[in-house]
Amino acid sequence: MPARLVIEGGVPLRGSVAVSAAKNAALPALTAGLLTVEPLVFTNVPDLQDVRTMIRLLETLGAAVDRAGARVRVRVERVTSEVAPYELVSTMRASVLVLGPLVARHGTARVALPGGCAIGVRPIDQHLKGLTRLGAEITIENGYVVARASRLKGARIATDLVTVTGTENLMMAAALAEGTTVIENAAREPEVVDLADVLNAMGARIHGAGTVRIEIEGVADLGGTTHTIVPDRIEAGTVIVAGAITGGDVTVTGLVPDHVSAVLAKLEECGVALEVGPGRVRVCGPERPRPADVTTSPFPGFPTDMQAQLMTLLGLADGQSRVTETIFENRFMHAAELVRMGASIETEGSTAIIRGVPFYQGAPVMASDLRASAALVLAGLAARGRTEVSRVYHLDRGYERLEAKLAALGARIERRA
Ligand code: EPU
């Protein structure tokens with residue numbers, strides 16, 4: 001039987017907790033190892049299922065990966081396979097991040113088409129359109145994207161929508177292209193900036209990461225480097241909500257407060273007391289949160305990856321809130337589980353109307369994706385009685401030892417087989 005989390009709710013969390021490095025920065029950073037014969041060393045790689053999957057994928061492509069605790073060394077002296085197999089891509093969509101580096105360095109790449117996932121259709125057309133602009137020839141063969149190019153050539157790429165991994169893939173490909181590439185409408189997420197930092201330390205010439213216009217002067221070769229991955233702003237936000245929803249007093253350390261400013265602003269609107277210092281945020285939960293309306297959008301807007309967690313808090317607010325999801329078309333699966341715990345939530349298309357209830361009741365609930373799992377854990381922490389969250393393998397994809405961190409804050413939470 002897959003593991004589950006058993007939570008006895010109602011304990012206000014207290015104490016201090018340090019966040020891990022960001023999953024969504026670690027995954028592209030690891031794939032940058034494909035761009036050079038020299039080793040890349042990352043000092044603080046979180047121990048997560050998605051990271052393990054990415055390491056396995058890199059190994060199938062020819063990487064030698066050594067892991068000692070949080071330190072991971074990736075070296076790809078030679079690309080020995082150009083195939084990212086369906087078995088791996090279907091378990092982790094971020095596998096598509098190998099496409100750009102592979103075609104740039106190796107001249108060919110075969111990457112299984114990821115298809116849909118629990119939170120939506122999620123096509124990769126913008127990745128492919130951008131690579132085509134860089135001169136790659138793209139075909140679809142037996143469920144695989146095949147990209148071929150002798151040497152990519154710099155180009156102006158305007159993406160039709162803001163895509164995080166799309167921007168990362170194109171930045172990596174363009175780093176080794178001949179000439180200058182400009183990506184317009186680029187994603188501005190801190191994880192994109194972190195990848196640009198890795199690439200620049202490897203010898204790339206990337207300017208403007210963190211803005212909507214990224215300029216990349218291609219270079220002939222990239223070298224090795226050592227890098228510390230940016231803190232996980234979504235883990236930070238999740239733990240901050242844990243402090244707020246339990247009416248606790250929690251200090252989250254090791255984060256970059258600017259990376260969570262949209263989340264902090266929304267929490268303040270909900271009456272959550274926050275104290276922000278360098279690399280830390282202290283949160284004191286209100287008696288009862290105030291309602292708020294929120295619409296997800298790309299960074300620096302309110303992140304889709306915090307939507308489920310905020311909805312859990314709003315479910316207990318003193319009034320009606322409205323949550324609109326604009327990034328993914330099917331990211332309300334937590335709502336039905338929250339209703340099983342006593343929440344009053346109606347969804348219509350991309351909007352959820354949440355009428356706050358005074359408390360949640362513990363219940364058996366089922367996780368459906370990574371952030372939905374986190375939302376259910378938060379509900380369990382606040383609920384009266386016992387909550388059992390099953391299918392926690394979703395949580396393990398992206399949170400490092402979350403239950404241990406919450407337990408250290410006083411939560412009664414236990415993993416059971
Ligand atoms: N999209 C397209 N075509 C494309 C690319 C994207 O239509 O070629 C659409 C997607 O279907 C989606 C929207 O554009 O509706 C935004 O997708 P984006 O490409 O930005 O998402 P992603 O790069 O696949 C990353 C994170 C997600 C996070 C989103 C949005 C990684 C590895 N994943 O995904 O993280 O939700 O950006 O911020 O960086 C998570 O950690 O739980 C997670 C899902």
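What share of the 417 residues in the protein chain is buried? Keep that in mind while you open the model, which is a predicted one. Buried residues make up 56% of the chain.

**Stop 1: the whole chain**

Show the protein chain as a cartoon and colour it by secondary structure. You'll be looking at 14 helices and 24 strands. The radius of gyration is 21 Å, close to the 22 Å that the globule rule gives for 417 residues, so the chain is as compact as a globular protein of that length. Turn the view around: along its principal axes, the C-alpha trace spans about 60 × 45 × 40 Å.

**Stop 2: the ligand and its shell**

Hide the surface and select the ligand, then the residues around it. There are 22 of these, and Gln126, Thr163, Thr165, Asp305 and Ile327 come nearest. Colour the shell by class and you get 10 nonpolar, six polar and six charged residues.

Which helices each supply at least two residues of this shell? Pick out helix 1 (23–31), helix 5 (125–133), helix 6 (164–175) and helix 12 (370–382). Helix 5 gives the largest share, with three residues.

**Stop 3: close-ups on the ligand's oxygens**

- Gln126: one of its backbone N or O atoms is 2.7 Å from an oxygen atom of the ligand.
- Thr163: here an N or O atom in the side chain lies 2.6 Å from a ligand oxygen.
- Arg331: an N or O atom of its side chain sits 3.3 Å from an oxygen atom of the ligand.

How much of the ligand's accessible area does the protein cover? On its own the ligand has 830 Å², and the protein covers 88% of that.

**Stop 4: Thr225**

Last, select Thr225. This residue is found in strand 14, which runs over residues 225–227. Is Thr225 buried or exposed? Its relative accessible area is 15%, and the cut-off for buried is under 20%, so Thr225 counts as buried.

Notes
Residues numbered from 1 in each chain as written. Predicted model: local features only at pLDDT ≥ 70, side-chain atom pairs only at ≥ 80, totals over all residues. Heavy atoms only, no water. Near = heavy atom within 4 Å. Polar contact = N/O pair within 3.5 Å; in protein donor to acceptor, adjacent residues only side chain to side chain. Areas by Shrake-Rupley, 256 points an atom, 1.4 Å probe, with all protein chains shown as cover. Helix = DSSP H or I, 4+ residues; strand = E, 2+ residues; numbered from the N terminus. Nonpolar A, V, L, I, M, F, W, Y, C, P; charged D, E, K, R; others polar. Rg over C-alpha atoms; globule rule 2.2 N^0.38 Å. Buried < 20%, exposed > 50% of the residue type's maximum accessible area, 1.4 Å probe, protein only.
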